[in-house]
Amino acid sequence: MVKDMVPRIHFYDQDFVDMYDRTWVWIDELWKDKEANPNFEEGYYTFDGSDHLHLFDAMLSSLFLVYSNQNYSPYSLIDFFYQRQTEDGFIGCEYDINTLEPVFTEDNPLGLTLPLLSYVEFMFFHKIGNKKRLKDVVPYLEKYFEWMKENFLDENGLYRVPYEATCLKGLEREGAVYTVDFNAMVAVFALYMSDIGDILNDKELAFRYKRVYFSVKTRLNSMMWDPETKFYYDLDGNGERIMNKHIGAFWTLLAEVPNDEYASFLIEELKNDQEFGTDNPFPMVPKSSKYYSKDGNGYQSGVVPFATYMVVKGLLKYNSFIFARECAIRHMYYILDTLHPDQESMGDVWEIYKSESEGAASGNNRRRYLPMIGLVTISLIIENIIGLDISLPRKTVYWTMQNLEAMGIEKLSLKKNNITILSNKNTRGWEIRLESEKLYYFTIEVLDEGKKKTLPIPSGKCSMLIDKL
């Protein structure tokens, strides 16, 4: 049984648990072992069973495969692309996995995609704890960044890229030349490369990418931020702001680009039900946009799980855990309502959703697009809905709870240490039950009750009463 191979989650809404379990079953049905293709040492999957593998799909998938207790290797998918890197640093965004040849399109002739790799490797390190891997992959990441600079960095210090490279295909850009979302992701790449330098105690690497980070951050704030409308915008070829609001502006939150004042304006846009704060958060354009449609019309104004994931992760950088969690839960309910439209019939999961009613968005829409769905049904459930932040190298588990609820995780592998953390109410009050094979440090924070405590958790079983904290 697949559920015996991966961690088990507990949540007061059983539909969330069922959706989490179902996602792993779908992954297992598509997963192929090394015998199917020797280019993948630890197995692989392509979401539709095709012979093409996209770097964007691999990066998204890796962010939830890290929770598979290493039954479905996140490394294998990413390493396939590193192994294809050419001398000048190029890594294609799409490959034929049989011929090993890169695939190019007319809209993206150099095969560029979002530079998420340093973020992915940082997550690998904290979830799986392999420091040697970080050291081994830095040369690939550096060469890739140099290739990107050589081909796409303009004289004004911003990156000029094909729209397809932003992975928000179909979003109306109104002729934008410098896209805010891609440039924000360059800042994310540099930010996490600097963090990787700190982990490796490589001061030169950390400093070099910190300089890159501040350079891009300064340009985003000076050129793309509009002080009147208090929002970030794409630029045209003359460096003029194109006053066309879209979801990509919020990638700046993940990059920690806005100061607290700017961030507060962005977060208000996300909460405003006449802008991005729709029932199913968040549409690609605000309700006030001329491009907005209740039916979604593909990426033009639908709700895309990847975008919701990015916004939720960005909100956490600005101490908005409760709002981020609420948005993740709301989005999850829309996924569930589309999978189970009524008691009589069975639906499915999709790449793009409507923003104000359940159902798949109109337009081009891929069914059961797992690289994107798993971000919500696995990663956001564990990290933002249950609220667990796990770092294997630090030997820490930080559990943020909005309020006391029956939930938790069971048999999560921290390398060779399986842990279980569950909250339940009994006759003595709310109790956290913990089980571990090795010592680690556990922090519990209950926001609504203002309680926070860090304790060393010894091997074996133990429990704590919340009322005694």
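Trainee: How much space lies in the second largest pocket?
Mentor: About 360 Å³. This is a predicted model, where local features need pLDDT of at least 70, side-chain atom pairs count only at pLDDT 80 or more, and totals for chains, interfaces and linings use all residues. Residues are numbered from 1 along each chain as its sequence is written, and side-chain values use heavy atoms, with hydrogens and water left out.

Trainee: What counts as a pocket?
Mentor: On a 1 Å grid over the protein atoms alone, a pocket is an open set of points with protein on both sides within 12 Å along at least five of seven lines. A cavity is a set where a 1.4 Å probe fits but cannot get out. Lining residues have an atom within 4 Å of a point. Points are joined across faces, edges and corners, and the volume is the space filled by probe spheres set on them.

Trainee: Which residues lie nearest the centre of the second largest pocket?
Mentor: His-54, Phe-56, Glu-164, Lys-169 and Arg-366, out of 18 lining residues. Helix α2 (residues 55-65) gives the most, with 3 residues. Helices here are DSSP runs of H or I, at least four residues, strands are runs of E, at least two, and both are numbered from the N terminus.

Trainee: How does that lining divide by class?
Mentor: Into 8 nonpolar, 4 polar and 6 charged. Ala, Val, Leu, Ile, Met, Phe, Trp, Tyr, Cys and Pro count as nonpolar, Asp, Glu, Lys and Arg as charged, and the others, Gly among them, as polar.

Trainee: And what about the largest pocket?
Mentor: About 840 Å³ of space lies there. Of its 33 lining residues, Met-123, Lys-313, Leu-316, Lys-317 and Asp-389 are the closest to the centre. The largest share, 5 residues, comes from α4. By class, the lining has 17 nonpolar, 7 polar and 9 charged residues.

Trainee: How many cavities of 30 Å³ or more are there?
Mentor: The structure holds 2.

Trainee: What lines the second largest cavity?
Mentor: Val-66, Tyr-67, Lys-127, Ile-390, Leu-412, Ser-413 and Leu-414. Strand β8 (residues 407-414) gives the most, with 3 residues. About 30 Å³ of space lies in this cavity.

Trainee: Switching to rings. How many aromatic pairs are there?
Mentor: The count comes to 32. Phe-250 and Phe-276 form one that is edge-to-face, 5.0 Å centre to centre with 85° between the planes. Rings of Phe, Tyr and Trp (its six-membered ring) pair if their centres lie within 6.5 Å; planes under 30 degrees apart count as stacked, over 60 as edge-to-face and the rest as tilted.

Trainee: Are those two buried or exposed?
Mentor: Both Phe-250 and Phe-276 are buried. Buried means under 20% relative accessible area, exposed over 50%, partly exposed in between (1.4 Å probe, protein chains only).

Trainee: Which residues do ring pairs link into a cluster?
Mentor: Tyr-20, Trp-24, Trp-31, Tyr-45 and Tyr-72.

Trainee: Where does the charged end of Arg-84 sit?
Mentor: Over the ring of Phe-80, 4.7 Å from its centre. That call needs CZ of Arg, or NZ of Lys, within 6 Å of the ring centre and within 35 degrees of the ring normal. Lys-245 lies over the face of Phe-231, at 5.2 Å from the ring centre.

Trainee: Last one. Why does Glu-155 count as exposed?
Mentor: Because its relative accessibility is 83%. Glu-155 lies in the loop between α5 (131-152) and α6.
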